[in-house]
Amino acid sequence: MATVPSYSPSIWVRMCHALPRFDLTMQMRDNVFTPDSWEYQQTLLVLSSLSAIALVLSLLVVLSFLIHYCCCHRGDAGRDAEEEEEDDDASGGHGYSGKKGRSICCVTWVSVAAVTLCCVAIGVGFYGNSEANDGMYQLTSSLLTANYTLASIDLLVWDSVAVLQRSVSGPLTSLEDVFGGNKPALVSTRSCRRLSERVISLLSSLSLGRGVSSVSPGALGANGTDSMVGVLTPAPPSIAPTLTPTSTSNSIPAPFSPGWAANTLMVNEDYRWLSYVLLLLLDLVICLFILLGLAKQARWLLILMTVLAWLALFLSWGSLGLETATVVALSDFCFDPNSFVLNSTHFNTGTSTEILDYYLTCNRKMTSPFQQLLTQSQRALSSIHSHLSGLERDALPRFPKAEKSVREVQQILNVTEGNFHQLVALLNCRGLNKDYIDSLKGLCYDGMEGLLYLSLYSFLSALAFTAILCSLPGAWRSFSSDSEEYEDSDSESEDPFTSHQARRQTATGSQRGALPPFYSYQGAGWTPPFSSAPPLPTPNASSNGNPGYESLPLSDRPSPPPSYSPSMLTGYGGNQSRPNSAHSRNLYSH
């Protein structure tokens, strides 16, 4: 394992990297990160299939509970109907007492606990999604910074080559024509021309695998700066020279471009982040509406949420399988990233292993692979300065016409030396190595932690939805339907101000058969006289047959007189064999 300064694999990377790997034939495989290998891909498929096995187990558990509710409780329907009235009397009409009430309460609290677990999982999922997004943002930022550095190196190289070729084809050629009769000056001019071509050759061979290794004079435009080689990304103003690429007709595609990788990762990360946000919102909506359905005892709402819970269950186990494979593959890469980069053909095509190792490791004991090239270029530029100083001192007094060409060559040489000093600073390994370490930290620290939290979210939400699917059918099955509780609500003879308990007791009494009325008035046209006495409680038969009394509000419209049971007939008839007619009229005047 090659060491990277300021980076070491985290404990989570080491734990996930240490997991055993099996292929489809259940043979042990190594854990070296080789994504192009079919054997390595089989190990990831096997790990992802564990979530499929868990999904099958969840389905079996849910189906067993459904069979229990549908089949085993069918024989208890008659017994539950007989105990329903006793449970309602004991609970005051709310249905939360007795055997059935305890069953409803237990199922409801199980559903609430499962929804609470799902809400906790949603919170973990939001945090994990944010951490993964932060890691990918740091990775893409580091890749873009590295791309700026590489683009600036290319721009400086081709800017220096362009201006030197312009000096060779322009001022130096003019100086040779002017100094044709002066041999020492002509020798110095030709030396400057030869050294300039040498620098052009050295800088053209300077390549990090992003362009070509040589340039021809015909590749440049009329001014020497109109055509560039290589697909470049503009560098920041503090680094970029005055030259920008304008043509890519002669470009050669690079084997790996940090700018292309950063743009691809940003697009994919946007879709990934949005997908998880929508999944989390779907789970949250399901949980909230389940709580609302339990509170309102809305059977249709719980049935709809049960269907959505099935969808969420499949999505949770599916995302867990994808996250498991991603976490394991990422841990294998983060455990030894240098080995993969050095051995991968996607990175080392067009770039020597020595250069890659120099920038990935950036060890102070290592010598820059460009040291010899830069030294030779620096010496050539210094020699050109010496020859120009000699021409300015010896030849210009005798050849005044050569002053303009000499000034142009000196100006071009100053620009080339400025670009050369920036090039030396950018070719140092510290800048690119810092970008490499930052990208590793973003991917292997924040990104890895975010994926682990997302895996935990998927696992907890899958368990929660499994429990919800097991408990919800029992909950909405225990709820009373609207037709059972309000079967007499549309009757014309029912008082709209009567309480729900009185209506239910009336419906229960009507199912046992009609009782003969005790009081019947004489004559269809008889009307009770007006009385200012307060209304007396109206007797009514309870479920056990004993006379009960309930204060029933009377409406303004005339209503038929109440009916009485035989027991009430005996009670009232025994004490008053001959009731006072006036008293009776006052009694029922209201």
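This is a predicted model: local features need pLDDT of at least 70, side-chain atom pairs count only at pLDDT 80 or more; totals for chains, interfaces and linings use all residues.
**Close-up views of disulfides, aromatic pairs and a surface patch**

Cysteine 362 and cysteine 429 are both buried.

**Figure 1. The disulfide between cysteine 362 and cysteine 429.** The sulfur atoms of cysteine 362 and cysteine 429 are 2.2 Å apart, within the 2.5 Å that defines a disulfide. The S-S torsion of this bond is about 65°, so the disulfide is right-handed. Cysteine 362 sits in the loop between α11 (353-361) and α12 (371-395), while cysteine 429 belongs to helix α14; the bond therefore ties together parts 67 residues apart in sequence.

**Figure 2. The end of α11 and the residue after it.** Cysteine 362 follows α11 and has a positive phi, near 55°. Within α11, the buried residues include Tyr358, Tyr359, Leu360 and Thr361. Ile355 and Leu356 of α11 are buried as well.

**Figure 3. The disulfide between cysteine 334 and cysteine 444.** Here the sulfur atoms lie 1.9 Å apart. The torsion about the S-S bond is about -85°, so this disulfide is left-handed. Cysteine 334 is in helix α8 (residues 299-335) and cysteine 444 in helix α14, and the bond links these distant parts of the chain, 110 residues apart. Cysteine 334 has 0% relative accessibility and counts as buried. Cysteine 444, with a relative accessible area of 1%, is also buried. The whole structure contains two disulfides. With the bonded cysteines numbered in sequence order, their pairing is 1-4, 2-3.

**Figure 4. The aromatic pair of tyrosine 127 and tyrosine 453.** There are eight aromatic pairs in the structure. In the one shown, the ring centres of tyrosine 127 and tyrosine 453 are 4.9 Å apart and the ring planes stand at 90°, so the pair is edge-to-face. Tyrosine 127 lies in helix α4 (residues 98-169) and tyrosine 453 in helix α14 (residues 429-478); the two are 326 residues apart, and the pair links distant parts of the chain. Tyrosine 127 is partly exposed, at 40% relative accessibility. Tyrosine 453 is likewise partly exposed, at 30%.

**Figure 5. The aromatic pair of phenylalanine 333 and phenylalanine 340.** The ring centres of phenylalanine 333 and phenylalanine 340 are 5.7 Å apart, with the planes at 85°, so this pair is edge-to-face. Both phenylalanine 333 and phenylalanine 340 are buried. Together with Phe33 and Tyr40, Phe333 and Phe340 form one aromatic cluster.

**Figure 6. A nonpolar patch on the surface.** The patch is formed by Leu50, Ile53, Val56, Leu57 and Leu60, which together have about 490 Å² of accessible area. One of its members, valine 56, lies in helix α2 (residues 38-72). Valine 56 counts as partly exposed, because its relative accessibility is 47%. In an α-helix there are 3.6 residues a turn, so residues three or four places apart point the same way.

Notes. Residues are numbered from 1 along each chain as its sequence is written. Side-chain values use heavy atoms; hydrogens and water are left out. Rings of Phe, Tyr and Trp (its six-membered ring) pair if their centres lie within 6.5 Å; planes under 30 degrees apart count as stacked, over 60 as edge-to-face and the rest as tilted. Helices (H or I, at least four residues) and strands (E, at least two) are DSSP runs, numbered from the N terminus. Buried means under 20% relative accessible area, exposed over 50%, partly exposed in between (1.4 Å probe, protein chains only). Patches are made of residues with over 30% relative accessible area and no salt bridge: like charges are joined within 9 Å, nonpolar side chains (Val, Leu, Ile, Met, Phe, Trp, Tyr) within 5 Å. Accessible areas come from the Shrake-Rupley method with a 1.4 Å probe; for residues, only the protein chains shown count as cover. A salt bridge is a side-chain nitrogen of Lys or Arg within 4 Å of a carboxyl oxygen of Asp or Glu.
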